[in-house]
Amino acid sequence: MSQHLNPAVIGEFRTIVGAAGLADTPEALAGFLAEWRGLYRGSATIALMPASTAEAAALVAICAREGIAVVPQGGNTGLVGGAVARSSPERPEVILSARRLRAVRAIDSDNDTITAESGCVLSELQGAAAAVDRLFPLSLAAEGSCQLGGNLSTNAGGTNVLRYGNTRNLVLGIEVVLADGRVYDGLRALRKDNTGYALRELFLGAEGTLGFITAATCRLFPRPRGVATAFVAVADPEAAVALHAAARRQLGEVLTAFELMSRYALELVLTAKPDARDPLDRPAPWYVLLETGGAETQTAAEQRLESFLDGQIQSDRVMDGVSCRSSSQRDALWSLRHEVSDAQRLAGASIKNDVAVPISAVPALIREGTDLVTRLVPGTRVVAFGHVGDGNIHFNLSKPPDMSDSRFLAQWEPLTVAVNDLVAKLGGTFSAEHGIGLLKTAELARFRGGVEIELMRRVKRALDPANLMNPGKLFGD
Ligand SMILES: Cc1cc2nc3c(=O)[nH]c(=O)nc-3n(C[C@H](O)[C@H](O)[C@H](O)COP(=O)(O)OP(=O)(O)OC[C@H]3O[C@@H](n4cnc5c(N)ncnc54)[C@H](O)[C@@H]3O)c2cc1C
């Protein structure tokens, strides 16, 4: 199977990782080559799964010697093709998977830190923190599959950014195998460390183009005692933004999540998931899922949120709402939100725009964006949802019901360019939390050209002069 690679080199790989650490049959490779959205089909004849930093370093050193490109892969849940291998006889690529780097190396509850290997699945890390009565706050719909290394490499966002920041804000130290096989050991658990350039920052959000992350030390937080969740109906995105501002003012820092979804997004979930129930009696155009978490008791948290929402109903900002009374109700509400991406498959081909604007510009983005895309392709259905508290809206587009997938996807470029131009006009970014990967390389050049991309290229050349780490991602071919 591994015809792109010299058998002697494969033998060297096998000696390092053993049979359990190497996949080279179609069956064993299938999971590494499939991609969540089905936009790309990976091609690689070998995937390597080191079980330690030393093994990873030895593998990368061989790749560097042989000129073999390395595609780091985590849980393979990325939405922009960043973990897709494109091996060819002229340019062999191997997948370097973190899936066997699963150890939680240390938890220091006095320092509120966890040091874990990059293949730890996010939900496992959340569980490890909960076991010592702490919170690891990164949370996203793919948390049952995505891995710490993928989260770091995409600087993942998710539903708690409002309170705790992006992944970048959670990282204190990092350990990376560099493109030449050496190890950068920056695994420090310090909140203050002004010692020159903040090298770790380079690898966060680098999408595997500068090195292979093997471990990180991350911040933990007190576990909230009282968590209150509500699902409310609002008339329009303007009302949602006003509600967000009121919630920030009146609830303060305990506000942890503020998620918007349109009626159409909810309907897709209700149709796709037979167990899902509409939480409210009457349909409304828009919904907000909001949550607070803090040191007060559960009862006090629920009372505080309910009294805030009563005031908002009286002032007509909120049309209707329901609060959770149990953890199963909370899970049911969150699953409505988490299932939107998956449920969108029901509506056929889709074009997904992961964009961010200043929070105040969210209504303009949704209103003007909807006008724009329905003018360009009449009948396009907008599935707008996302993290209003971060100004990050998934402005996703589903094909008109009577249009074929291929005809709609042929409009990818004009639709994406139009949305991204609008986003830029509103002071936003075309790439909020999913990254660039293969999908958005042209837009990176368009919006971050000149000095900005030149500096990025210089960093890439300095750390990976032979362009061996995840070639083609970020900058294109
Ligand atoms: C249903 C669904 C919901 C999602 N919701 C969100 C969301 O709310 N917020 C959000 O930010 N993202 C979201 N995502 C996107 C995705 O889950 C995140 O980007 C996640 O951080 C990717 O982690 P992963 O382990 O799957 O990485 P992969 O997909 O395997 O890789 C992603 C990138 O990181 C690189 N990489 C992976 N591991 C390493 C490593 N050890 N060292 C160096 N580079 C590495 C890869 O080369 C690639 O460029 C969602 C995805 C799905 C499917």
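Me: What makes helix 8 (199-203) and helix 18 (451-463) part of the lining of the second largest pocket?
Reply: Each of them supplies at least two residues of that lining. A residue counts as lining if it has an atom within 4 Å of a pocket point, and both helices are DSSP runs (H or I, at least four residues), numbered from the N terminus. The largest share, five residues, comes from helix 18. The model is predicted, so local features need pLDDT of at least 70 and side-chain atom pairs pLDDT 80 or more, while totals for chains, interfaces and linings use all residues. Residues are numbered from 1 along each chain as its sequence is written, and side-chain values use heavy atoms, without hydrogens and water.

Me: What is the volume of the second largest pocket, and which residues are closest to its centre?
Reply: The volume is about 790 Å³, the space filled by probe spheres set on the grid points. Of its 35 lining residues, Arg168, Leu204, Gly205, Glu207 and Met456 are the closest to the centre. The lining divides into 15 nonpolar, twelve polar and eight charged residues.

Me: Why is strand 18 (381-387) called mostly covered?
Reply: Six of its seven residues are buried, that is, under 20% relative accessible area with a 1.4 Å probe, protein chains only. In helix 10 (residues 263-272), Arg263, Ala265, Leu266, Leu268 and Val269 are buried too. What covers the buried residues of helix 10 includes strand 18, strand 13 (255-262) and helix 12 (327-338).

Me: How do you know that strand 18 pairs with strand 13 and with strand 19 (residues 392-398)?
Reply: Two strands pair if DSSP finds at least two bridges between them. Three bridges join strand 13 to strand 18, and seven link strand 18 with strand 19; therefore both cases meet the cut-off. Both pairings are antiparallel. Glutamate 259 has histidine 387 in strand 18 as bridge partner, and arginine 381 has serine 398 in strand 19. Strands 18 and 19 form a hairpin with four residues between them, and glycine 391 in the turn has a positive phi of about 65 degrees.

Technical notes. 1 Å grid on protein atoms, 1.4 Å probe; cavity = no way out; pocket = protein on both sides within 12 Å on 5 of 7 lines; lining within 4 Å. Nonpolar A, V, L, I, M, F, W, Y, C, P; charged D, E, K, R; others polar. Buried < 20%, exposed > 50% of the residue type's maximum accessible area, 1.4 Å probe, protein only. Contact = heavy atoms within 4.5 Å.
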